[in-house]
Amino acid sequence: MRSVKVYEEAWPLHTPFVISRGSRSEARVVVVEIEEDGIKGVGECTPYPRYGESLASVMAQIMTLVPDLQTGLTREALQHRLPAGAARNAIDSALWSLQAGQQQTTLPSLLGLTLPEAVVTAQTVVIGEPEQMAASAKALYDAGATLLKVKLDDRLISERMVAIRAAVPQATLIVDANESWHSEGLAARCQLLADLGVAMLEQPLPALEDAALANFIHPLPVCADESCHTRDSLDSLKGRYEMVNIKLDKTGGLTEALALATEAQVQGFTLMLGCMLCTSRAIGAALPLANQVRFADLDGPTWLAVDVSPALNFTTGVLHL
């Protein structure tokens, strides 16, 4: 019989992480450990209030399955026992980790994958005044980050973006509006970003209110984040988005994430790989997708004052494997 442990962790950030929904000073995660015959698998998730999740609700979901996990619940059965979300991700990740450990290999090798020696990852420019964001972008670029993800809300769009582009003329910029924009003026804002050489715009409108994206020809690719969770999301995204952001905490784990990546590409979407505020454990669980994506946004652990041990090797803008 397997043994199962479920617990919470709080990881302080070295600086506040500011997005349109407020500021966070720590990453709160839930960890699942599954041990069988001396081999331990570990999975992590980050509950996200935007999706109606809390530490308590995610812990409760996981605890309902502990007896079944102890007696051998499989990944395939798990897909039908819990909905997509953080709780299922923690369990799914732990089961993948357990299988890799039992076969004495890494997760990518288990899937027959060879990862590159390094993955370029976006570094986040948090919301602030234009001069603050421009200074932050330049500092990140000068430290080695060539791909910058700019967080925006609904104010000072042109002022912030013009200042940032002037500060980092050679950087690849992607913009995340975190559902904060409105349909009025959307086309003009997209054109502004395109004129500034922005490579992609992520989730400008609230999920379920994104029909306006089908009303004009996009001058730059638009990526679905909150609007895309699993394969079931894809039909509603056609004609509105060119790209989807895959996060294991949305898909409910790597099992569905791999299936989503395959189906999305069949339907003509390009891929982004994202994360929540998390430790290296969560990034490691997502790495099998790294070869398939146009943009990787895996800087969650770089915001932590201290990471889990053993930690992945990050330098500014690069994940070294």
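Biologist: What volume of space lies in the largest cavity?

Modeller: About 220 Å³. A volume here is the space filled by probe spheres set on the grid points, which are joined across faces, edges and corners. Bear in mind that this is a predicted model, where local features need pLDDT of at least 70, side-chain atom pairs count only at pLDDT 80 or more, and totals for linings, chains and interfaces use all residues. Numbering runs from 1 along each chain as its sequence is written, and side-chain values use heavy atoms, leaving out hydrogens and water.

Biologist: What makes it a cavity?

Modeller: On a 1 Å grid over the protein atoms alone, a cavity is a set of points where a 1.4 Å probe fits but cannot get out. By this rule there are two cavities of 30 Å³ or more.

Biologist: Which residues count as lining the largest cavity, and which lie nearest its centre?

Modeller: Lining residues have an atom within 4 Å of a point. There are 20 of them, with Phe17, Lys151, Lys247, Cys275 and Met276 nearest the centre. Strands E1 (3-19) and E6 (147-151) each give two or more; strands are DSSP runs of E, at least two residues, and helices runs of H or I, at least four, numbered from the N terminus.

Biologist: And how big is the second largest cavity?

Modeller: About 120 Å³. Of its 15 lining residues, Asn89, Leu248, Asp249, Cys275 and Ala282 are closest to the centre.

Biologist: Which element gives the largest share of that lining?

Modeller: H12, with five residues.

Definitions and conventions: 1 Å grid on protein atoms, 1.4 Å probe; cavity = no way out; pocket = protein on both sides within 12 Å on 5 of 7 lines; lining within 4 Å.
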